[in-house]
Amino acid sequence: MTYIYDAIQELINEYDTRDPLEILKNMRVQIVPCNCQPQNVPSFYGMVTAPDGDPDYLAVIINPHLDREDTLLTDAHELTHIAVDREAIVSSPHRDCTIYNPNDRTEYRANTGAAHLLIDD
């Protein structure tokens, strides 16, 4: 799992911040609030996608009804997908309803990277 730590540390060093939203914006990743109502998608946090199938043009779609802490965690989680799973974003985008599922390796990696980003050593 050191490659996750290294990838996130590289972003922290490059952008001189641990703020996932600031990093995403500096990477020119679009942040798009989903057009959803909380009662219709209570478990939707966010997802990262390549709208045109182009790994250089990415968008994070986020539930605008999340509180500040969940938004911060979701941004960090999606940023980690970009940092370590960019190929999968293009080949198999998915909705992030399993953000807390420890049995899903992709989500586990994203949570590990999010924790490293948000918790200073």
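I began with H3 and H5, whose axes come within 8 Å and cross at roughly 115 degrees. Axes here are lines fitted to C-alpha atoms, for helices over the stretch in contact, and angles run from 0 to 180 degrees between N-to-C directions. I then looked up which residues make the contact (heavy atoms within 4.5 Å). From H3 they are Leu72, Leu73, Ala76, His77, Leu79, Thr80 and His81. From H5 they are Thr106, Glu107, Arg109, Ala110, Asn111, Gly113, Ala114, Leu117 and Leu118. I noted the handedness of the crossing as right-handed. By the convention used, a crossing is left-handed if the near helix is turned anticlockwise from the far one by less than a right angle, and right-handed if clockwise.

**Ground rules**

This is a predicted model, in which local features need pLDDT of at least 70 and side-chain atom pairs count only at pLDDT 80 or more, while totals for chains, interfaces and linings use all residues. Residues are numbered from 1 along each chain as its sequence is written, and side-chain values use heavy atoms, with hydrogens and water left out.

**Whole chain**

I counted elements next: the chain has 5 helices and 3 strands. They are DSSP runs, numbered from the N terminus: helices are H or I with at least four residues, strands are E with at least two. From the N terminus the order reads α-α-β-β-β-α-α-α.

I checked burial: 40% of the 121 residues are buried. Buried means under 20% relative accessible area, exposed over 50%, and partly exposed in between (1.4 Å probe, protein chains only). The chain exposes about 6,900 Å², and carbon and sulfur atoms supply 48% of that area. These areas come from the Shrake-Rupley method with a 1.4 Å probe; for residues, only the protein chains shown count as cover.

I also looked at contact range. Of contacts between residues at least 6 apart in sequence, 69% join residues at least 24 apart.

**The core**

Which residues have the most contacts inside the largest nonpolar core? I found Ile82 and Leu117, in a core of 16 residues. H1, H2 (20–26), H3 (68–84) and H5 (105–118) each give two or more residues to this core. Such a core is a set of buried Ala, Val, Leu, Ile, Met, Phe, Trp, Tyr and Cys residues joined through side-chain atoms within 4.5 Å.

Beyond its neighbours within four places in sequence, Leu117 is in contact with Ile8, Ile12, Arg18, Pro20, Ile23, Ala76 and Leu79.

Gln9 counts as buried because its relative accessibility is 18%. Leaving out residues up to four places away in sequence, Gln9 touches Arg18 and His116.

**The sheet**

I turned to the strands. The 3 strands form an open sheet in the order S1-S3-S2, with mixed pairing. S1 and S2 each have a single partner strand, so one side of each is left without a neighbour in the sheet. The twist averages 20 degrees from one strand to the next. H3 packs on the sheet and touches S2 and S3; the direction of H3 makes about 25 degrees with that of S2.

I checked the pairs (two strands pair if DSSP finds at least two bridges between them). S1 (residues 30–33) and S3 (residues 59–62) run parallel, joined by 4 bridges. Pro33 stands opposite Ile62 in S3. S2 (residues 46–49) and S3 run antiparallel, also with 4 bridges. Met47 has Ile61 in S3 as its bridge partner.

I stopped at Gln30, in S1. Is Gln30 buried, exposed or partly exposed? Gln30 is partly exposed, because its relative accessibility is 37%. Gln30 touches Tyr57, Leu58, Ala59 and Val60, not counting residues up to four places away in sequence.

**Positive phi**

I kept the backbone for last. Most residues other than glycine have a negative phi. Asp16 is not a glycine, yet has a positive phi of about 55 degrees. Asp16 sits in the loop between H1 and H2 and counts as exposed at 71% relative accessibility.

Arg28 also shows a positive phi, near 65 degrees. Arg28 is in the loop between H2 and S1. Arg28 is exposed, with a relative accessible area of 73%.
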